Every structure is written in structure tokens, then in C-alpha cells.
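Please look over the sequence and the model shown here before reading on. The briefing that follows is grouped by topic.

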Amino acid sequence: MISSPTRGAGSPIRGPASTARCCGAHPTPSRQARAIASIRIDRVVLQSIGSPLGARVTEFRAALCARRSGRAQGCREEMCREERAAKLIEQCILAAAITPDPTEPPRMDDFSYTNGRLHAEGVPVDEIASKVGTPTFVYSSATLLGHYRRLAEAFAPVDPAICFAVKSCGNPEICRLVAGAGAGFDVVSVGELERVWLSGAPMSGVVFAGVGKRRDEMLAALDGRFSPLAGSGVKVNGMGPEGRGPIGLFNVESEQELEVLEDAAREAGVVASATLRVNPDVDAKTHRHTTTGKRENKLGIDLARAPAAFDRFGDSPHLNLRGLHMHLGSPIYSPDPYTEALKRILIRIDEIERNGHRIDRLNIGGGIGADYETGSTPSYSTYAERIVPMLLPLVGRGVKILMEPGRTLIANAGVLLVRVEYVKETSGGRFVVCDAGMNALIRPALYDAFHFVWPVRVGEGQAPARRSKKPEGPGLVPSHVVGPICESADAFIRDWPMPPVERGDLLAVFSAGAYGMSMASTYNDHPLPAEVLVDKGSWRTIRARQSVAAMLLGPEACGPQPAETTA
Ligand SMILES: Cc1ncc(COP(=O)(O)O)c(C=O)c1O
């Protein structure tokens, strides 16, 4: 029998642990207090002095003081919960005033041209291609971890649990890297859930979203005995899935799903922790296929119905309904959709709390953009400056904030290497036909997405100064860069001014780390690409290229795959 999920230490989505009491009914959130106290003062806080954030913090403190003077006269604790929060925020502001700006210029990625040759963290990528072949995704750990660190620093004042969206890039090595940096995980299927478990990350740091979760998936997330890998002999750190604990949170998308989750939790003998995914009806101003927060989208429940859902399920012995979740879409290039949605959500949180329910989780989802062109995404501070002030009052009263970024962390950390098979001139233009296309990277075909494509080796003056939709340089030739798939949608880019290439040349498709390999398919029976990770000047294959035999007969038919590595 598995015991109820605890809220113990170690999980990035855990909140206040202490329940020591001071004046009346306010728990002292010692973990929260420590988290706020240990905030690394960054540019957001530094800029907060005299900024809208500073004004909000001041306003927040004033409200706390007013409430305190009207209430806690008789409290014998030196600092009650709210006073402590106010004090810590004050410390942050003071520290900001004396701490030098720790920011460094945001770096798009660690892929750059030296002597006409593309390098990843100093490793020539043509060397990788010559050993591993093409198509191959090459990831830079420095880029991934750099983005993670900057995001965490920008939002440090609210100390969010950052749950990496596995759907953006699920390679176990990538998962291990972000877990090592402190991330939890956002998953949307039992497959992604097991992928996270296989990477060795704790289940307690996992949030499970998705509009169509099946009951069996919920069971596997609640209790490893129901894992599809149970009984397979697979072990992680010497343990099978049977012994693992339940995940941290379900992001539940409908009342019916709450019924099913309640039932699954009853069967597993646990209490399922959940947030309710709400649809705030806000336009994220992104592609219609990746907009998820408008009322015509299938995701979440109408925000107006959230209070009733809490009334109905708030007292369930098998559910711990803890808060709200939103995810507006992706990529989002402005803080505005977040602030608009939060404005609406905060009103509902008040209503839910007035109805007697406790909210201690708010998940603001993912969606922050990535630089498909140099400098196209606002800095993380630009988002944080507007979003953080709206969250601080919640954090001050013990609400744990969660985020689910994927693209913004991993998109720029990956390039796709492809080889030119043919160059053919037709009356319709010059077609550069590569050995992979929409089968490896479907974003251009599916979303009309822009990816900068450039030869891995270039002549004098042809290394791109910046990645832009209007490249400049000597000798560029308009080209349609296409794949081998039998569809006219199969193009990386059309009418694209690029240095001329020949059969056998290598091309790099930039910013391909997110929704590249994870959306790759074997369409037309092309095997899946390889994946390589560059880390501090050395590289290794983190997923071997799928062989035709493995694709057709299953991996068991093929024996172990060789892994290429070099220092
Ligand atoms: C629920 C949820 N959270 C997070 C994400 C990650 O979005 P992004 O990769 O844009 O950060 C997605 C993407 O579809 C999602 O559906």
C-alpha cells in the first residue's frame, strides 16, 4: 500500500513545509521564507527600484503593514508570516541597491563561425557529421544551461519551480542536464512520464498536463506499480518503477477529468495533488495551431467555472486541489498575454479563496519565445518585470509559483545538420535537396516557421553576422532548401538567399532544438536522426541514428547500437 503523497523536501514544486503558528491562523512558511531570503538579487530586482515592480513591492508592503496593524496586536511571535515576507522583500530591495548588476549580455547560442567553419562550443560540427552522419541534431549544453540560469535569475524574486516541458525535447541526456540545474518536468503522456523516470529525475518534481489523459496514465503517475514498465526488469538507480512515489501535480483540464482522477487515486490508495488548468480566453498572438488560451481552444476549463469546480471537488478525500494552471500558447514574444491572463486569474483565485478553499499553487505555463532571428525575443527580464509584480503578493502568502518552459530553453541550443544530396535548377528556381526535411523538422511545414539555414562551411565574408530573415553578404544565391519527402510542404525555407552549395555540402538548420527531434517522424520510412550533445569542448552521441532494420523490425532485432564519442 502506498501512503498519501507527502509534500516533503527535494521537489522543485514543493511549497511551505512548516506549519508552526504565530498570530491566529497563519502558518509560518519557513521554506518559503528561506527561499525568498536566498534570492539572488538580479537585474529585475535591481531595476525594481523606482520601476513599476518597485512600486508594486512598496504597495504590497504597505498593504501588509495596514493589515498587520489592524490585526496582529496580540501576536507574541517576533514576526508573523506576512511581516516576515514584507521584511524579506525589503531586504531584497536593500541588497539590490548595493549589489552590482550581475547580468551578462544575453547570448542566443554557442554556435559560431570561426575561419569559415561552424563550431558548437568550439567543436567543428563538420567533424561530428563526418563521424555520426546526417541528419543529426547537435545540442549545446552551454546554451541550454545558460538560458536556464538566466530564466531562473530573472524570475528569482518569486522562486518558481521550473518544470522543463519534455515535449520540446525529450532526450534523456537533455532531461538529465536540466534536472541537474534544478528543473522539474512538465509531461503530457505516460510515455513522457516514463522518459523522465528513466532519466533518473524524482517523480515529485513532475507535473502532468494534457487534455486527454487516460485513467491508466493517471494510475501510472500516482503509483509506479501501474507503470507500463513495471515488471519489465528496467531499473533506475537500482529500483524498478514499482517503488517510485507519485508525481507532484496533475494539471487537470475538465470536471470529468477530475472525476476520473479522483477515481484513479481511490484505486491507488493515494491523494492526488492537482491544479485546475483554466482557459482565460487570452490571445497569445502566436500561430493558430499553437494558441491554447483562447476560449475556442480545447485546453483547460472556462475560467468562470473554476470556483464551482473547487466547490465540488475541494473536499474530496482523494484529491488535493491546490491551485490553478494556465498555458497560453507558444511562442509568446511579449509579457502582455501573461499579464492579461493573470489579471483575470487573480480575480478568480480571490473568489475561490473567499469560498473557503486554500490556493497554494499557481502554474503560469510555458510559451516564452526563442530567438529564431538574432535578438527577436525580449529578454527574460522584460517578461519578469511585468509578471513578477503580479505574483509577489501570492508568493508572500505562501503560494508556490510554477513555470513550464520548453522552447525558450532548448530551441537555440540545437542545430540540425543535413547534407545536400542534389542541387537542381528548374524553371521554378534553384532547389537544394537535403537528406532530411519535414521528417526531421516539421515546424516550417506545419507552422510556416522560420529557421535560419546556412552552409556549415562558408567562404570569405559569408559567415552570417546575425541570423535574420534578410541575410546579407557577398555571392548569395536565392534557393529553395527542401527535403526528400514526397510533399511540396517539405521545405525548410524558400527563396532564401544563401551562399551557393554543392552536392555533399553540409547545411545547418539553426534554432532546431525545440520541437525538432520530439516531432520527428519516420514518414516515407526515413529513419529517425541521431542526436549529439556538445559539452565543454567534447561531444558524444546521446541517441544513435535509427537504423532501417530498427525502424522496420523494432530495436530488439538489431542488437546494441554503437555510440560515437570524441574528446
Ligand atoms: C501545458 C504546456 N506547458 C508547457 C508547454 C511548453 O511550451 P514552450 O515550449 O513554448 O515553453 C506546452 C507546449 O505545448 C504545453 O502544452
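How far does a backbone N or O atom of Gly-367 lie from an oxygen atom of the ligand? The separation is 2.8 Å, which counts as a polar contact (a pair of N or O atoms within 3.5 Å; within protein, one must be able to donate a hydrogen and the other to accept it, and residues adjacent in sequence count only if both atoms are side-chain atoms). This is a predicted model, in which local features need pLDDT of at least 70 and side-chain atom pairs count only at pLDDT 80 or more, while totals for chains, interfaces and linings use all residues. Residues are numbered from 1 along each chain as its sequence is written, and side-chain values use heavy atoms, with hydrogens and water left out.

**The ligand**
- Around the ligand are 14 residues (each with a heavy atom within 4 Å of it).
- Ser-330, Gly-367, Glu-404, Arg-407 and Tyr-515 come nearest.
- Arg-407 has a backbone N or O atom 2.7 Å from an oxygen atom of the ligand.
- In the side chain of Asp-186, an N or O atom is 3.3 Å from a nitrogen atom of the ligand.
- The ligand taken alone exposes 390 Å², and the protein buries 90% of that.
- Such areas come from the Shrake-Rupley method with a 1.4 Å probe; for residues, only the protein chains shown count as cover.

**The chain as a whole**
- The chain has 16 helices and 22 strands, taken as DSSP runs (H or I, at least four residues, for helices; E, at least two, for strands) and numbered from the N terminus.
- Of its 567 residues, 55% are buried (under 20% relative accessible area, with a 1.4 Å probe and protein chains only).
- The chain exposes about 23,200 Å², and carbon and sulfur atoms supply 51% of this.

**The nonpolar core**
- The largest nonpolar core has 138 residues; a core is a set of buried Ala, Val, Leu, Ile, Met, Phe, Trp, Tyr and Cys residues joined through side-chain atoms within 4.5 Å.
- Phe-155, Phe-185, Phe-250, Leu-324, Leu-362 and Leu-507 touch the most other members.
- Helix H13 (residues 380–396) gives the most to this core, with 10 residues.
- Leaving aside neighbours within four places in sequence, Leu-362 is in contact (heavy atoms within 4.5 Å) with residues including Leu-324, Leu-391 and Lys-400.

- Three strands form an open sheet in the order S1-S2-S3, with antiparallel pairing (DSSP finds at least two bridges between paired strands).
- Strands S1 (111–114) and S3 (123–124) are the edges, each pairing on one side only.
- Two bridges join S2 (residues 117–120) to S3.
- His-119 stands opposite Pro-124 in S3.

Technical notes:
Buried < 20%, exposed > 50% of the residue type's maximum accessible area, 1.4 Å probe, protein only.
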